[in-house]
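Please read them with the structure open.

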Amino acid sequence: MTNSSISGRAAIAGLGATEFSKNSGRTELRLAMEATLAALEDAGIDPGEVEGFSSYSVDKVPEYEIARLLGCKDVKFFSQVPHGGGAACGPVMHAAMAVATGVAKVVVVYRAMNERSWYRFGTGSYGFASTPTFENVNYGWYMPHGFHTPAAWVGMFAQRYMHTYGATSEDFGRVAVAVRDFAATNPQAFFYGKPITLEEHQASRWICEPLHLLDCCQESDGAVAMVITSAERARDLKQKPVIIKAGSQGISAGQQVMTSYYRDDITGLPEMGVVAKELYSQSGLDPEALQTAVIYDHFTPFVLPQLEEFGFARRGEAKEFIRAGHHARGGKLPINTHGGQLGEAYIHGMNGIAEAVRQVRGTAANQVDSVENVLVTAGTGVPTSGLILGAV
């Protein structure tokens, strides 16, 4: 019988990134090329060998232009994954599938964005009325009630979670404080050298109650790219191979894009539960086998139910996990050791995958001891994805 699982068959062999800023001064294409060339150099693979590309549907850098500039000969695979940050791990999963099935031997995954200097996702002005597609019409049922921004959409879920399980704004603040602590010691982080206290979190201005400013991720310019090839070939390249042990995407019953309010229960993230079940099944691992995790932190409230969906805490008990400091420096599951999207940069989660690669390689600024397996999650509130990366 043919092994149809992607587990262990592909590896991340190269990693590249630009600096993270609020004004890159370059086009997104330039950023993507810088990160891609750096990733190929890191792997020791000639650009002409690239046969595939995968990115996000919201990425404005076309794969054919990167292929042309790289001097690629025959591109055999390309894909784009929708749903913004929910895509994050999807392109790596797609690349792993392409490599595992022999469709392409070398695939570049990339995300480039000038999300601060060119456009801003959280303005609340999207031009929906002029383009009555399904998703835009769907938002028309919410915007008249004040649900104009991602913070407002997430705020509804957060309020219900707090009401049901007794979580507090201080619990969300403990998430923000911990990731800023990691960012403060990561030279690549925008908030390098700038930790915060819980008191500062509580004093930061309201964005949409119960979210303070410091509960919300950054707006960033920058790019990250990775090179995926077979696990066998990766062993002979320049860097320690980072094995893709599992990859999954998930949609669950009643799913909408950031506004899944009509479910019977809106305190969980069932689509992330779909991803968790599949990742554990593919990899044969469980929560105890993970030494660190990159938990998508576009907004702090959604970190708690993610911990629950993956079995690090029982339903409604992630607040105790956070209050005990298990997520922080020195804890039993340090999360977002690069500073997360709150502290390092918001590159739609691709910089989080890069941190997982560094943790497995043993080169992270805030290196966790004896890392064998790392969990990475993608955007929450939307159709989502996840990965487990690890050592050989």
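Which residues does UniProt list for "domain: Thiolase C-terminal"?

1. The unreviewed UniProt entry gives residues 262-382 for this domain. Over residues 262-382, the chain is 36% helix and 7% strand, with the end C-alpha atoms 14 Å apart. The model is a predicted one, and the points below should be read with that in mind.

2. Helix H9 covers residues 270-283. Its 14 residues should span 20 Å at 1.5 Å a residue, and the end C-alpha atoms are 20 Å apart, so the two agree. Buried residues in H9 are Glu271, Met272, Gly273, Val275, Ala276, Leu279, Tyr280, Gln282 and Ser283. Their cover includes strand E8 (242-250), helix H10 (303-309), strand E10 (373-377) and strand E11 (384-390).

3. Helix H13 (350-361) is mostly covered, with 11 of its 12 residues buried. Among them are Glu355, Gln359 and Arg361, along with Ile353, Val357 and Val360. The 12 residues of H13 should span 16 Å at 1.5 Å a residue; the end C-alpha atoms are 17 Å apart, which agrees. Just after H13, Gly362 takes a positive phi of about 85°.

4. The largest nonpolar core has 50 residues, and those with the most contacts inside it are Leu304, Leu307, Phe310, Phe312, Leu375 and Ile388. Helix H5 (150-165), helix H6 (169-183), H9, H10 and helix H11 (318-323) each give two or more residues to this core. H5 supplies the largest share, eight residues. Apart from this core lies another, of 48 residues, among them Met93, Ala104, Ile244 and Tyr346.

5. What does Phe312 touch, not counting residues up to four places away in sequence? The contacts are Tyr280, Pro287, Leu290, Leu307, Phe321, Leu333 and Leu375. Of these, Tyr280 is one of the buried residues of H9.

6. Some backbone geometry deserves a check. Most residues other than glycine have a negative phi, and most peptide bonds are trans. His83 has a phi near 80° and sits in the loop between strand E3 (77-81) and helix H3 (90-100). At 29% relative accessibility, His83 counts as partly exposed. Ser370, in the loop between H13 and E10, has a positive phi of about 55°. Ser370 is exposed, with a relative accessible area of 63%.

7. The peptide bond from Glu209 to Pro210 is cis, with omega near 15°. Pro210 belongs to the loop between strand E5 (206-208) and strand E6 (211-212).

8. There are 19 salt bridges in the structure. One of them joins the side chains of Arg120 and Glu219 at 2.8 Å, N to O. Arg120 lies in the loop between strand E4 (107-114) and helix H4 (134-139), and Glu219 in the loop between E6 and strand E7 (221-230), so the pair ties together parts that are 99 residues apart in sequence. Arg120 is partly exposed, at 42% relative accessibility, whereas Glu219 is buried, with a relative accessible area of 18%.

9. Salt bridges with shared partners also join Glu19, Arg26, Arg30 and Glu34 into one network. Glu34 pairs with Arg26 at 2.6 Å, N to O, and with Arg30 at 2.9 Å, N to O. Arg30 and Glu34 both lie in helix H1 (residues 28-43), four residues apart, about one turn of the helix. Glu34 counts as partly exposed, at 25% relative accessibility.

Terms used: Residues are numbered from 1 along each chain as its sequence is written. This is a predicted model: local features need pLDDT of at least 70, side-chain atom pairs count only at pLDDT 80 or more; totals for chains, interfaces and linings use all residues. Side-chain values use heavy atoms; hydrogens and water are left out. The expected span of a helix is 1.5 Å times one less than its number of residues. Buried means under 20% relative accessible area, exposed over 50%, partly exposed in between (1.4 Å probe, protein chains only). Contact means heavy atoms within 4.5 Å. A nonpolar core is a set of buried Ala, Val, Leu, Ile, Met, Phe, Trp, Tyr and Cys residues joined through side-chain atoms within 4.5 Å. UniProt positions are given in the numbering used here, feature names are shortened, and annotations may be inferred rather than shown by experiment. A salt bridge is a side-chain nitrogen of Lys or Arg within 4 Å of a carboxyl oxygen of Asp or Glu.
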